[in-house]
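Work through the exercises below with the model open. Each task is followed by its solution in steps.

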Amino acid sequence: MKKYWLIFRLSWQNALTYRLNFVMWRVRSIIGFLASYLFWLAIVNSNQNIAGYNPSLLLTYIFVSAFLRNLVLSNVSYGACVEIAGGDLSNYLIKPLGYFKYWLTRDLADKALNLSFFSVEIIIFYLILKPQIVLTQHLWLFLAISFLAALLYFFLSFLISTYAFWHPEHNGWPFRFLFIMLLDFLSGSSIPLDIFPPQIVKIFQVLPFSYLVFYPNQIWLNRVNTNQIINIFLITSFWLIAFYLIFRLVWRRGLKNYSAYGR
Amino acid sequence: MKLKRYLIYWLKTSELTFESLIADKLSSTLFISGKLLRFFFMLGFLLAIKEKIKLVSGYNIDQLVIFFLIYNLFDLVGQLFYRGVYWFRSDILSGDLDFKLVKPINPLFQILTSHTDFLDIPQLFIVVVILIIRLPHVAWQNVLVFSLLSLISMLILTAVHIFVAALGVITTEVDHTIWIFRSLSGMAQVPIDIYSPSVRGFLTFVIPIGLIFTFPAKALYGLLTPALIFWTIGFALVFYYLSLKFWYYSLKTYASASS
C-alpha cells in the first residue's frame, strides 16, 4: 500500500512540476465547460422548455456534467497505451508492482488533482454566472454512482489501451481517437441524451457510455424514480463486471502477443 | 519561379504524408471514422432538436445547420493545410528547427504545411455536398462577398497558426495552445451572435473566431453591412502583419537547444 501512496504523491509532483502544461490543460477544460454552458444558455434564453428541461434543469445538467467530466472522464491511464506500444511495459513487468494498480493509483491522483482545481473554478463560475442550480435529493446515491462510473471508465479506457498490443502504430492512438469521439457524444457529457427521439434513447440505454455521465446526472437532477435508480445501479454494475472480465481476458492474450516493440 | 519551387516542395511533402497514411490503412480508417462520427453526431443533434425548439437568438435550425457546415468547411481546410503546426513542438525541443531555417524556403511555410492532412478530405467532401444540397437560394452578390470573406478567413487562420508557432518558439508550448484555439473555435459551430455581447466581442476582437467562421456564413445570408466587411478586411490585414512581426520576434529568442 505504501508504494502506491508514493506513486500517488509522485503523480501530483509530476503534474505540478510542469505547471504551464497543467495550467493550459485547466484552461482547455474551462473553455470546454464555458462553450457548452454559453451554447445552452443561448438556447434556453429563446426556449423555456426543451424536451422536459426547463432552463435551471438544463444549466444544472451542464454544471454537473463538468463535475463528472473531471471525476469520471479525466484519466491519465491512456499512458499505458504508449508504454505498451513503445515497449516500456517491460520495465514494469519485472518490478514488484501491479501494473493495473499502478495506473489506477495514477488515475486517482489525476482525478483528485483535477477535482481540487475544478472545485475552485466552479465556485468562481457559479458566482459570475449565477445560474439557478437544482439541488439533488440523492447526494449519496449520486456520489456512489459517480464512483462506479469512474471505475467503469477506467476499465473501458484500459481495455482500449490493450489495442496497442496488436497495433502499436501511432502509440495505439487511432482506436482511442475513435473511442473518444464516441464517448464525447454517447456519454451525454455535453448534450442531454433524452433530447433525442425515444427510439434513439433506447439505443443509448443499452450502451455503457450513457452510464458514465448521463444517468448519474439524471440522479442528481431528481429525474429518475427509485426503481429507475436501482436499474441504473444494476446496469452500471453489470457493465463494470463485464468490462473487468473482458479486460482480464484481453490483457492475458495481449501479454502473450507482446514482443516489446521499440526496445 | 519562386512559386514553382514552393509548389514542388508542397507536392513532395504532401506525397510523403499520403504515402505514410496509406501504409497504415487501419489507423487511417479509424481516424476518418472518428472524424465522421463527430460530424454526424453534431449534425444529428441539430436536426433532432429541430422539432423541439423554434429559434435560437433569431436563427432557425436550418440556418444553424448552414452555420455548422460552414464552420466545418473552414475548420477542415485549415487543418488540411496547416496540420504541420501540431508537429512543430518536437522541432523546437530537438533543435531541428535549425534545418528548416537554413533551407531556401520560408520556414513558416515548411512548418505549417509539412503534414497535409488527407484524412480530412472525406469529411470535407461530405460537408461540401450537404452544403450544396441544403443551401437555400443565395443572391450572386452574397456569393461574391462570401468568396471574398472566405479568403479573408484563410488569411486570419494562417495568422492564428503563425501566432501559435511563434508562441511555441518562445515557450516551447504548442499542443495546448492550438487545442485551446480549437476548443474556442468550437464555439463558432453556431453563429457567435447567440452569445452575450461580451463573449461576442471577445470572439470578434480578441480571438477572431467569429471573423473566421461566422462572418462568411452571415455574408451568405446578406447579414453583413459594407462597413463590417471593410472592417473585417482591415482587421485581417493588421492581424496577419502582427503575426509575422511576432514570428520574427520569436525567432530572435530561439536558442537552438539540443541541436
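Helices (H or I, at least four residues) and strands (E, at least two) are DSSP runs, numbered from the N terminus. The model is predicted: local features need pLDDT of at least 70, side-chain atom pairs count only at pLDDT 80 or more, and totals for chains, interfaces and linings use all residues. Residues are numbered from 1 along each chain as its sequence is written, while chains are lettered from A and ligands numbered from 1 in the order in which they are written.

**Exercise 1. Describe the elements and overall dimensions of chain A.**

Step 1. Chain A has twelve helices and zero strands. From the N terminus on, the order is therefore α-α-α-α-α-α-α-α-α-α-α-α.

Step 2. The radius of gyration is taken over C-alpha atoms, and the globule rule is 2.2 Å times the number of residues to the power 0.38. For 263 residues a compact globule would have a value near 18 Å, and the 19 Å of chain A agrees.

Step 3. Along the principal axes, the C-alpha atoms of chain A fill a box of roughly 60 × 40 × 35 Å.

Step 4. A residue is buried if 20 or more other C-beta atoms lie within 10 Å of its own, exposed if 12 or fewer, and partly exposed in between, with C-beta atoms placed from the backbone. Buried residues are 39% of the 263 in chain A.

**Exercise 2. Characterise the side of chain A that touches chain B.**

Step 1. Two residues are in contact if their C-beta atoms, placed from the backbone, lie within 7 Å. On this basis 31 residues of chain A are in contact with 32 residues of chain B.

Step 2. In chain A, α2 (19–46) and α9 (173–186) each supply at least two residues of this side. The most comes from α2(A), with 14 residues.

Step 3. Ala, Val, Leu, Ile, Met, Phe, Trp, Tyr, Cys and Pro count as nonpolar, Asp, Glu, Lys and Arg as charged, and the others, Gly among them, as polar. The side of chain A that touches chain B has 23 nonpolar, six polar and two charged residues.

**Exercise 3. How do α8 and α11 of chain B pack?**

Step 1. Axes are lines fitted to C-alpha atoms, for helices over the stretch in contact, and angles run from 0 to 180 degrees between N-to-C directions. The axes of α8(B) (residues 140–171) and α11(B) (residues 209–220) come within 8 Å and cross at roughly 175 degrees.

Step 2. Angles over 145 degrees count as roughly antiparallel, and α8(B) and α11(B) are therefore roughly antiparallel to each other.

Step 3. The contact includes B:Phe146 and B:Leu149 of α8(B) and B:Phe215 and B:Pro216 of α11(B). By class, its residues are eleven nonpolar, three polar and no charged.

**Exercise 4. Is B:Gly201 buried or partly exposed?**

Step 1. B:Gly201 is in helix α10 (residues 197–206) of chain B.

Step 2. B:Gly201 has 13 other C-beta atoms within 10 Å, so B:Gly201 is partly exposed.

Technical notes. Angles under 35 degrees count as roughly parallel, over 145 as roughly antiparallel, 65 to 115 as roughly perpendicular and the rest as oblique.
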